[in-house]
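I opened this model to follow a few residues from strand to core to rings. These are my notes, in the order I looked things up.

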Amino acid sequence: MAGRHFSAAAKSQRSPFLLFGLSLIFLSLIFYIFRSSSSPSFSPTLHATTFPAAPNPNVDYSFVSSLEKFLINHKSKFSSRSPDDSVRGDVDERDVKRLDDLISEEEEKRLYGGESSFCTPIRVYVYDMPSKFTYDLLWLFHDTYKVTSNLTSNGSPVHRLIEQHSIDYWLWADLIAPESERLLKNVVRVHKQEEADLFYIPFFTTISFFLLEKQQCKALYREALKWVTDQPAWNRSEGRDHILPVHHPWSFKSVRKFLKKAIWLLPDMDSTGNWYKPGQVYLEKDLILPYVPNVRLCDSRCLSVSKRTTLLFFRGRLKRNAGGKIRAKLVAELNGANDVIIEEGTTGEGGKNAAQIGMRKSIFCLNPAGDTPSSARLFDAIVSGCIPVIVSDELELPFEGILDYSKIAVFVSSSDAMQPGWLLSYLRNVSPSQIRQKQINLAKYSRHFLYSHPAQPLGPEDLVWRMMAGKLVNIKLHSRRSHRVVKESRSICSCECRRRNSTSPVPFS
C-alpha cells in the first residue's frame, strides 16, 4: 500500500511539468503553422502527398515513342482482326433499313433485358478504313519527323504541331488495342455495327493537311468523305452518332461542312468565323479536347525542388492575328516589370526547354488568346505546376462538365487585363494560401491532361468517354427524331434546328 501511495505522489509531482512541456510544443506548432500560412514567399510549401507521382515507366506519354512501338507491333498484334462490318461497296436504302432494324432489336434487348444503358460502357464501333487514311499517314509522319524542318506560314514547326494535335492517334490506339491490354472500363470496342452506340472515324486529318501536297490532301479528303458517307450507319443517322477528330482548326476544312452533324473533337470553338462557319460547331454536339502538352510533367521530385521566384511568365509568339492581337498589348503593358518575364518564343528543342524551365520557376503563367481562343500553352502550364492566368474571353475548356478550372487557374477579362497596372496588382494580392491551394490542385489535376498508351483511368482519353456518355441520350433523340419529322416542318425549338446551315451537300464529281 505504501509503495502505491509513493508512486501516486511522484506522478502527481511530475504531471505539471509534463503538461507545461506539452503546452510549449503545442504553442510552437501553432506558431510555425501561422508563420507558414502568412509568409509572403513566392514559393509556398506543398506537402509531398499532393504531388503527382513520377510517370509510370510502363506507360508511354510520348507521341513519337508510342507511335514507334505501335507501328512496329501493329502487324503482329492487329493483323488477326475480328470480322468487320465496314462497307466497301455500293450502299442503297435497303442496307440502311436493314441496319436500322438490327440496331432497334439490339436496343430493345438492352431496354427490356434488365441492362441499363446508363450503367454499361459506351459501345464504340471503329471503322476499318483503308490504310491510306490511317497507317500510311502514321508511317509518313514517322519517316519524316527526324529529317524535316518544315514550318507553317506563321513559323510553327509542322511536326510539333502534329504532335500537339495528335488526339486522333491516342484515342484510336486505345480503342483498337487488345481488350486484355486496355485499362479503361467505361468504353468498349464492338465489331458489329448494330451493337454500337457511337462510330469512330479513324482518319488522320492533321497529318494529311500538313504533310501532303495541297491538291493531294484535298483529293484524299474527298475520298475519305465519300467513304464515310457511303456507310449505312452514317446514312441512318446523318452522322449524328459519328465521332470525327478534327483537332487542328485547318484540318479537313475543305469538306467538313458536309459532315457538320457529326461529333467533332476540337481544340476550341472560335467565333471569329476564320476557322468554323456558323452552325458547324457547338457545345451540345461537339467536344473540346486538350492539346498534347509540349513539356514534360513536373512530377513529385520536380515540384519538391522547384523554386518559383518569378511572379508571371510568358514565352511564345508576341504577335498574333484575330483574337490574339491582345498579346502585343499585354506585352507592352508588362514588359520591364519586376518579377515578370516576357520572351519571344523560338522553335526547336531549345525553345521547348526554355519554356519548360521558365514555367517551372514561375508562380503564374500568362495564357492570352492566340490565333484561336486556345493554345497548347495552357496545358504546358498545368503540367508544369504553374497557375494559368487566362486572358481569353471566348475560351471553351476541355471536360468542363467534369473539371472545375476555377480551382487551378485565374480568369481575367481582356478589358481588366488592359488597364494599366491592373493585372500585376491583382496577382500580387493573391494570398499565399490561395496560391498554395491552386498549386495543390494543379498537382492533382495534371493527370487529366496526359495522353498515354495504354490510356490511363482519369486521363484525357477516359474523360472523353465520360463526356460522351452525357451526350448519348441527346444523340439518340435527334437521330430517331430525324426519321419521323418532315424536314420542312422543323420550325419548333431545338438546338440543332437553330444552328442549321442553308448549305446543302453537293454530289461528288
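**Entry 1: Tyr 200.** I started in strand β3, residues 198-200, where Tyr 200 lies. Helices (H or I, at least four residues) and strands (E, at least two) are DSSP runs, numbered from the N terminus. The model is predicted: local features need pLDDT of at least 70, side-chain atom pairs count only at pLDDT 80 or more, and totals for chains, interfaces and linings use all residues. Residues are numbered from 1 along each chain as its sequence is written, and side-chain values use heavy atoms, with hydrogens and water left out.

Is Tyr 200 buried or exposed? Tyr 200 counts as buried, because its relative accessibility is 0%. Buried means under 20% relative accessible area, exposed over 50%, partly exposed in between (1.4 Å probe, protein chains only).

I then listed contacts (heavy atoms within 4.5 Å). Leu 171 is 29 residues from Tyr 200 in sequence, and their C-alpha atoms are 9.5 Å apart. The side chain of Tyr 200 also reaches the backbone oxygen of Asp 168 at 3.4 Å.

**Entry 2: the core.** Next I looked up nonpolar cores (sets of buried Ala, Val, Leu, Ile, Met, Phe, Trp, Tyr and Cys residues joined through side-chain atoms within 4.5 Å). The largest has 120 residues. Phe 70, Phe 203 and Trp 465 are among those with the most contacts inside it. Another core lies apart from it, with 5 residues, including Phe 313 and Met 359.

I picked Phe 203. Beyond its neighbours within four places in sequence, Phe 203 is in contact with Met 129, Asp 168, Pro 245 and Phe 252, among others.

**Entry 3: rings.** I counted ring pairs next. Rings of Phe, Tyr and Trp (its six-membered ring) pair if their centres lie within 6.5 Å; planes under 30 degrees apart count as stacked, over 60 as edge-to-face and the rest as tilted. The count comes to 26 aromatic pairs. Why is the pair of Phe 203 and Phe 252 edge-to-face? Their planes stand at 70°, with the centres 5.5 Å apart, so the pair is edge-to-face. Phe 203 sits in the loop between β3 and α7, and Phe 252 in the loop between β4 and β5, 49 residues apart. Both Phe 203 and Phe 252 are buried.

**Entry 4: confidence.** Last, I checked pLDDT (the predictor's confidence in each residue, from 0 to 100). The chain's mean is 81, and 76% of its residues reach 70 or more.

Methods
A polar contact is a pair of N or O atoms within 3.5 Å; within protein, one must be able to donate a hydrogen and the other to accept it, and residues adjacent in sequence count only if both atoms are side-chain atoms.
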